[in-house]
Amino acid sequence: MRVAAIAGGTGAAKLLRGLAATVPQRALTVIGNTGDDAEVWGLHVSPDLDTVAYALAGRLDTARGWGLAGETFRCLEAMAGLGAETWFNLGDRDLATHIWRTHALREGVPLSVVTAELARRQGVAARILPMSDEPVRTRLRTPNGWLSFQEYFVREKALVEVFEVEYAGAGAARPAPGVVEAIGDADLVVVCPSNPVTSVGPVLAVPGVVEALATTRAHVVAVSPIVGGAAVSGPAGALMRARGLPVSPAGVATAYAPWLRTLVIDRQDDGCRPELGRLGVTAVIADILMTDRERELALARVVLRCTE
Ligand code: FO1
């Protein structure tokens, strides 16, 4: 079975680990969000692509959900000593990834090629594709003006009000090589339990991606990032509200209309089935909180069974 997964960071990493333990990694293509990419100390950081690669390589700091396990932050301390901004915590070994990526990009190597090479060198057999080789940046309008995603999420701890979200550059971006083909050739497309507005939204904003989702023969399944009226983690609830979407599985289904066929929702949201039915989406009930490896595997199996 060929699986294509649309992924943000932390939430996606857990499901991807479950999927990669259930199907051969070679059968898995991950289409990662780059709307969160940032330039830090002159380096190109791709947080979601790195989170996915580190997770599939077994190197992710699973407690934090980002960065490398066993990381140290001595360079960060030294940068603080020099008076540099240090609200975005780059670890010492994680820095190697960003230096390597930035160097290759400056040599003119496309982000998709750099990402594939970084994955290969970490022993990841799954294909990891950025949604686009062109820059697309999520920006949020707040009472303090427009912020980049990392300024909003890390520096402001997602505590400021958001009036509007935009994906700067999306209109002119093209899907990275292999993105449209991976969706079209898959037996199953999985939309990971990631923030529909800032993790999946930027991928959908790249012209051609929604068309590929609407025309693929694959079964398209999403896992809800919302349980019991609140986000499993992060600011998805506030951002869905800012987009005029209800903070519920129905809100997730609305964000993914009209191409979503199945939404995996938590047991406690069983009552949402009829509303999802009216939106043309079949609900599958599962325990969707992935609090340990067994639950990651169990949820991955539920998702894979959706094609049956
Ligand atoms: N998240 C934080 O909450 N604080 C950080 O200092 C931070 C640093 C960081 C460095 C590298 C990286 O790849 C990810 C990092 N993240 C950090 C996570 C990141 O901000 C978000 O998880 C994603 O952008 C959202 O998916």
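## Starting with one residue

Which loop holds Asp 61? Asp 61 sits in the loop between helix H2 (47–56) and helix H3 (74–81). Helices here are DSSP runs of H or I with at least four residues, strands are runs of E with at least two, and both are numbered from the N terminus.

Keep in mind that this is a predicted model: local features need pLDDT of at least 70, side-chain atom pairs count only at pLDDT 80 or more, and totals for chains, interfaces and linings use all residues. Residues are numbered from 1 along each chain as its sequence is written, and side-chain values use heavy atoms, with hydrogens and water left out.

## A closer look at Asp 61

Is Asp 61 buried or exposed? With a relative accessible area of 14%, Asp 61 is buried, because buried means under 20% relative accessible area, while exposed is over 50% and partly exposed is in between (1.4 Å probe, protein chains only).

A polar atom of the Asp 61 side chain lies 3.1 Å from the backbone nitrogen of Ala 63. If you skip neighbours within four places in sequence, Asp 61 is in contact (heavy atoms within 4.5 Å) with Trp 66, Gly 67, Leu 68 and Ala 69.

## A covered helix: H8

Now hop over to helix H8, residues 196–205, where nine of the 10 residues are buried. Among them are Pro 196, Gly 201 and Leu 204.

## Out in the open: Arg 241

Arg 241 belongs to helix H10 (residues 236–242). With a relative accessible area of 56%, Arg 241 counts as exposed. Follow the chain for 62 residues and you get to Val 303; the C-alpha atoms of Arg 241 and Val 303 are 27 Å apart.

## The whole protein

Zooming out, the protein has 13 helices and 14 strands. Its C-alpha trace spans about 60 × 45 × 40 Å along the principal axes. Of the 308 residues, 53% are buried.

Notes. A polar contact is a pair of N or O atoms within 3.5 Å; within protein, one must be able to donate a hydrogen and the other to accept it, and residues adjacent in sequence count only if both atoms are side-chain atoms.
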